[in-house]
Amino acid sequence: MTTEVDYQQLNGVALAYMGDAAYEVIIRRHLIAAGLAKPNHLQKKATHYVSAKAQAALIDLMEQDGILSEDEWTMFKRGRNAKSYTHAKNTDVVTYRISTGFEALMGYLALSGQQDRVDELGQWCIEQVEAGRTE
């Protein structure tokens, strides 16, 4: 069953919810393809890609490298500025909000049928993390 979603009407937190899953699948697929199979090792390695700190660093790199369109920046800001009543226990509020914006961007792209762009950005993120640019 396919359900149409009006992503334009979703708030930033709802977009981030979807984007978190979309990005996580890309990272998990990458790690499995790299031969990692033990769950604890997978989770530890995935943190380098999906933590709030890593996602905030990736957004900074996206800005530096100029890889996002104006519409994509708008969706990032929508997620970053969304009111959330929770935040990660191991990061500050600013970093958490930036990572929420990252996830909202990925959610917007996924829900608007732009899977090729999700995959492109996901691959770009993998390359940045592996090059050590997020540390």
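This is a predicted model: local features need pLDDT of at least 70, side-chain atom pairs count only at pLDDT 80 or more; totals for chains, interfaces and linings use all residues.
T100 lies in helix α5 (helices are DSSP runs of H or I, at least four residues, numbered from the N terminus). Beyond residues up to four places away in sequence, T100 touches A16 and G79 (contact means heavy atoms within 4.5 Å). L15 is 85 residues from T100 in sequence, yet their C-alpha atoms are 8.9 Å apart in space.

Local features need pLDDT of at least 70, side-chain atom pairs count only at pLDDT 80 or more, and totals for chains, interfaces and linings use all residues. Residues are numbered from 1 along each chain as its sequence is written, and side-chain values use heavy atoms, without hydrogens and water.

Helix α4 (residues 70-80) packs against helix α5 (residues 93-111) at an angle of about 130°, with the axes 7 Å apart. Axes are lines fitted to C-alpha atoms over the stretch in contact, and angles run from 0 to 180 degrees between N-to-C directions. That angle makes α4 oblique to α5 (under 35 degrees is roughly parallel, over 145 roughly antiparallel, 65 to 115 roughly perpendicular, the rest oblique). From α4, D71, E72, M75, F76, G79 and R80 take part; they meet R97, I98, T100, G101, F102, A104, L105, Y108 and L109 in α5.

D20 lies in helix α1 (residues 12-33). At 33% relative accessibility, D20 counts as partly exposed. An unreviewed UniProt entry lists D20 under "active site"; such annotations may be inferred rather than shown by experiment.

Definitions and conventions: Helices (H or I, at least four residues) and strands (E, at least two) are DSSP runs, numbered from the N terminus. Buried means under 20% relative accessible area, exposed over 50%, partly exposed in between (1.4 Å probe, protein chains only).
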